[in-house]
Amino acid sequence: MERRHIRMDVWQDAVALVHQIYEFSSAFPQDERFGLTSQMRRSAVSVPSNIAEGAARGSDKEFLRFLYIARGSLAELETQMIIATQLGYINEQENWQPALERVFAKLAALINRLRASIG
């Protein structure tokens with residue numbers, strides 16, 4: 001039986017973003033393994049995880065709460081990516097923003113739709 005979240009574009013895009021973050025962070029300096037690398041990976045994994053957990057809850061109100069948490073984790077990740085770029089760990093030419101923006105936009109749309117249905 002397929003779970004509700006697996007069919008969601010936002011969840012699929014968030015999982016793809018996790019893969020991208022793991023690729024980027026694998027090239028970070030070894031001394032960042034327990035610092036920025038770990039932080040970024042946790043933030044990235046948190047996004048689809050919270051979407052999945054919220055989707056598995058019994059109500060749209062609870063789902064909405066987890067979507068807000070996912071959006072917060074995504075904002076954390078964005079900040080960490082900016083820091084990693086400024087530190088030179090990510091090449092300025094590597095275009096990570098579109099994937100992040102896509103997840104932000106899809107999360108916003110889902111949040112707005114749920115807020116409207118809840119009233």
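Two rings of Phe, Tyr or Trp form an aromatic pair if their centres lie within 6.5 Å. The views below are taken from a predicted model.

**View 1. The aromatic pair of Phe28 and Tyr89.** A search of the whole structure finds 1 aromatic pair. Its members are Phe28 and Tyr89, whose ring centres are 5.3 Å apart and whose planes stand at 45° to each other. Planes under 30 degrees apart would count as stacked and planes over 60 as edge-to-face, so this pair is classed as tilted. Phe28 belongs to the loop between helix 1 and helix 2, while Tyr89 belongs to the loop between helix 3 (60-86) and helix 4 (97-118). The pair therefore ties together parts that are 61 residues apart in sequence. Are the two residues buried or exposed? Phe28 has a relative accessible area of 7% and is buried, because buried means under 20%. Tyr89, at 22%, counts as partly exposed.

**View 2. The contact of helix 1 with helix 2.** Helix 1 covers residues 9-25 and helix 2 covers residues 36-56. Their axes come within 9 Å and cross at roughly 170°. Angles over 145 degrees count as roughly antiparallel, so helix 1 is roughly antiparallel to helix 2. On the side of helix 1, the contact is made by Val10, Trp11, Ala14, Val15, Val18, Ile21, Tyr22 and Ser25. Helix 2 contributes Thr37, Met40, Arg41, Ala44, Val45, Val47, Pro48, Ile51 and Ala52. Sorted by type, the residues of this contact are 14 nonpolar, 2 polar and 1 charged.

**View 3. Gln80 and the residues it touches.** Gln80 is part of helix 3. With a relative accessibility of 8%, Gln80 counts as buried. Which residue does the side chain of Gln80 meet in a polar contact? The partner is the side chain of Ser43, at 3.1 Å. Leaving aside residues up to four places away in sequence, Gln80 touches Leu36, Gln39, Met40 and Ser43. One of these, Met40, also takes part in the contact of helix 1 with helix 2.

**View 4. Thr85 and the residues it touches.** Thr85 is also found in helix 3. Its relative accessibility is 13%, and Thr85 counts as buried. What does Thr85 touch, not counting residues up to four places away in sequence? The residues are Ile90, Glu92 and Trp96.

Definitions and conventions
Residues numbered from 1 in each chain as written. Predicted model: local features only at pLDDT ≥ 70, side-chain atom pairs only at ≥ 80, totals over all residues. Heavy atoms only, no water. Axes fitted to C-alpha atoms, helices over the stretch in contact; angles between N-to-C directions. Helix = DSSP H or I, 4+ residues; strand = E, 2+ residues; numbered from the N terminus. Parallel < 35°, antiparallel > 145°, perpendicular 65-115°, else oblique. Contact = heavy atoms within 4.5 Å. Nonpolar A, V, L, I, M, F, W, Y, C, P; charged D, E, K, R; others polar. Phe/Tyr/Trp six-rings, centres within 6.5 Å; stacked < 30°, edge-to-face > 60°. Buried < 20%, exposed > 50% of the residue type's maximum accessible area, 1.4 Å probe, protein only. Polar contact = N/O pair within 3.5 Å; in protein donor to acceptor, adjacent residues only side chain to side chain.
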